[in-house]
Structures are given as C-alpha cells and as structure tokens.
Amino acid sequence: MGIPRAITLIVGWGSTFGPIREAVERSRERGKSVSSLHLRHLHPLPNGLDSVFARFNRIIVAEMNDEGLYGFGQLATLLRARFCDPKIHSLTKTDGLTFRVKEILQGILS
C-alpha cells in the first residue's frame with residue numbers, strides 16, 4: 001500500500017494488516033513518505049523482496065513477537081539474515097494484544 005518508492009516501508013504479516021494500513025494512511029496525511037508491504041506467506045519468502053527493499057531507506061518490520069538474541073523479532077531476523085540489509089529494523093509487541101495504530105505511528109515517526 002502506498003507509493004512504490006518512499007523513505008520508509010512497513011512490513012507485516014497476519015494480524016498486523018489493519019493497524020499498519022491505518023498507520024501508513026495517517027503518516028501520509030502528515031506528509032511522511034511511507035508505504036507498506038503485507039506478506040501472505042513466509043516460507044518460502046516471496047521472490048523479488050530484495051528489489052522492493054532496495055527502493056526504501058528504512059524498513060520497519062512490525063510483528064507480534066519478542067526481540068530475540070540479536071535484538072530483532074523473528075521475521076526481522078529472518079529478513080536481515082536473508083538479505084544482509086542493516087536498514088531492516090524491528091517493531092515488536094508481546095503483551096498479547098494486537099498492535100494499536102498509535103504504536104506503529106510511533107515506530108514510523110521515531
């Protein structure tokens with residue numbers, strides 16, 4: 001969702017779809033250059049993600065997961081390992097509740 005080339009890309013899967021979509025819309029209303037990508041399956045990862053990621057300066061992976069050994073959620077860790085891209089960051093949540101739009105907005109604006 002959003003423009004095909006922006007500063008920030010929010011990546012999600014599963015239950016993060018709605019809050020990410022709303023956060024991207026609100027960010028764009030504030031003049032931020034933000035897009036989103038929602039993965040439907042994780043294994044195998046979709047082809048062409050590397051070319052999509054190359055069009056963005058910052059990639060934030062919003063996931064309902066804990067930060068692991070390396071300080072990233074599982075999906076962010078998988079994407080960083082697969083694409084060796086340090087611009088992939090993690091926005092995690094583990095309190096058992098779905099993401100709120102304002103939590104994702106804070107991740108975008110920080």
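Two strands are taken to pair if DSSP finds at least two bridges between them. In the predicted model described here, strand 1 (residues 8-13) and strand 2 are joined in the parallel sense over six bridges. Within strand 2, L37 is the bridge partner of V11. The open sheet is formed by four strands in the order 2-1-3-4, with parallel pairing. Strand 2 and strand 4 are its edge strands, each pairing on one side only. On average, and with direction ignored, neighbouring strands of this sheet are turned by 25° against each other.

Two helices that pack on the sheet were examined. Helix 1 (residues 17-29) touches strand 1, strand 2 and strand 3 (58-63), and its direction makes about 170° with that of strand 2. Helix 3 touches strand 1, strand 2, strand 3 and strand 4, and its direction makes about 145° with that of strand 3.

The structure holds one aromatic pair. This pair, formed by F53 and F83, is edge-to-face, with 5.5 Å centre to centre and 80° between the planes. It links distant parts of the chain, as F53 belongs to helix 2 (residues 49-53) and F83 to helix 3 (residues 74-83), 30 residues apart. F53 counts as buried because its relative accessibility is 1%, the cut-off being under 20%.

Two backbone features fall in loops. The peptide bond from H43 to P44 is cis, with omega near 0°; P44 lies in the loop between strand 2 (34-39) and helix 2. C84, although not a glycine, has a positive phi of about 50°. C84 is located in the loop between helix 3 and strand 4 (88-92) and, at 64% relative accessibility, counts as exposed.

How values were computed: Residues are numbered from 1 along each chain as its sequence is written. This is a predicted model: local features need pLDDT of at least 70, side-chain atom pairs count only at pLDDT 80 or more; totals for chains, interfaces and linings use all residues. Side-chain values use heavy atoms; hydrogens and water are left out. Rings of Phe, Tyr and Trp (its six-membered ring) pair if their centres lie within 6.5 Å; planes under 30 degrees apart count as stacked, over 60 as edge-to-face and the rest as tilted. Buried means under 20% relative accessible area, exposed over 50%, partly exposed in between (1.4 Å probe, protein chains only). Axes are lines fitted to C-alpha atoms, for helices over the stretch in contact, and angles run from 0 to 180 degrees between N-to-C directions. Contact means heavy atoms within 4.5 Å.
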